[in-house]
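I opened my notebook to get to know this structure, and these are the entries I made along the way. Come and look with me.

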Amino acid sequence: MSASETEPRIRIHDFSDRHVDKDVHFRIIRMKDSLLIWIGDRATFTDLAVAIPTRFESMPITTKLLGSPANLSSGALSQKIAKRCNKQCFVSYNLPSPLVSMKGFIEERLLEEMKTHPENF
């Protein structure tokens, strides 16, 4: 068997961290050519955006699939990660209020996780 035959088709990686007084949970689901990143403080799935890199634009295109179009957090984050990983990226951002400090914390925490566990991205 080759290494590609033994490698799992889907890899799930969970981690959590604390920001101020709130626990934030992350679930990364890595598939062959895409990622799904779920971020939340409890088991909800009320928001979803996707970003797709193309050869026609320098930034991946993004669209909101689920949730309020006024909440741009998931779209912006999916676009950044899709560009960095050069693959389709779904982001589900399920936190009650997208505070500026919270968004910065989430981006920094994901970047740290990408550096320490690149096999999950």
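**Entry: the core.** I began with the largest nonpolar core, which has 22 residues; Ile37, Ile39, Ile81, Ile106 and Leu110 touch the most other members. By nonpolar core I mean a set of buried Ala, Val, Leu, Ile, Met, Phe, Trp, Tyr and Cys residues joined through side-chain atoms within 4.5 Å. Buried stands for under 20% relative accessible area, exposed for over 50%, and partly exposed for what lies in between (1.4 Å probe, protein chains only).

I then looked up which elements give two or more residues to this core, and found β2 (22–30), β3 (34–40), α2 (73–85), β6 (88–94) and α3 (100–116). The most comes from α3, with 5 residues. Helices (H or I, at least four residues) and strands (E, at least two) are DSSP runs, numbered from the N terminus.

A note on what I am reading: this is a predicted model, where local features need pLDDT of at least 70 and side-chain atom pairs count only at pLDDT 80 or more, while totals for chains, interfaces and linings use all residues. Residues are numbered from 1 along each chain as its sequence is written, and side-chain values use heavy atoms, with hydrogens and water left out.

**Entry: Ile37.** What does isoleucine 37 touch, not counting residues up to four places away in sequence? I listed Arg27, Ile28, Ile81, Cys89, Phe90, Val91, Ser92, Leu110 and Phe121. Contact here means heavy atoms within 4.5 Å.

**Entry: Asn120.** I went on to asparagine 120, in the segment after α3. Is asparagine 120 buried or exposed? Its relative accessibility is 5%, so I put it down as buried. Setting aside neighbours within four places in sequence, I saw asparagine 120 in contact with Arg11, His13, Ile28, Arg30 and Leu35.

**Entry: the surface.** Next I looked for a nonpolar patch, and found one of about 270 Å² made by Phe45, Leu65 and Leu66. Patches are made of residues with over 30% relative accessible area and no salt bridge; like charges are joined within 9 Å, and nonpolar side chains (Val, Leu, Ile, Met, Phe, Trp, Tyr) within 5 Å. A salt bridge is a side-chain nitrogen of Lys or Arg within 4 Å of a carboxyl oxygen of Asp or Glu. Leucine 66 sits in strand β5 (residues 61–66), and I noted it as partly exposed, with a relative accessible area of 36%.

**Entry: two loop residues.** Valine 20 is in the loop between β1 (11–19) and β2. Its phi is near 55°, a positive value in a residue other than glycine, and valine 20 is exposed at 69% relative accessible area. Asparagine 86 is in the loop between α2 and β6. I read its phi as near 55° too, again positive in a residue other than glycine, and asparagine 86 is exposed at 59%.

**Entry: the whole protein.** Stepping back, I counted 3 helices and 6 strands, in the pattern α-β-β-β-β-β-α-β-α along the sequence. The C-alpha atoms fill a box of roughly 50 × 35 × 25 Å, taken along the principal axes. Of the 121 residues, 38% count as buried. Among contacts between residues at least 6 apart in sequence, 56% join residues at least 24 apart.

Note on methods:
Accessible areas come from the Shrake-Rupley method with a 1.4 Å probe; for residues, only the protein chains shown count as cover.
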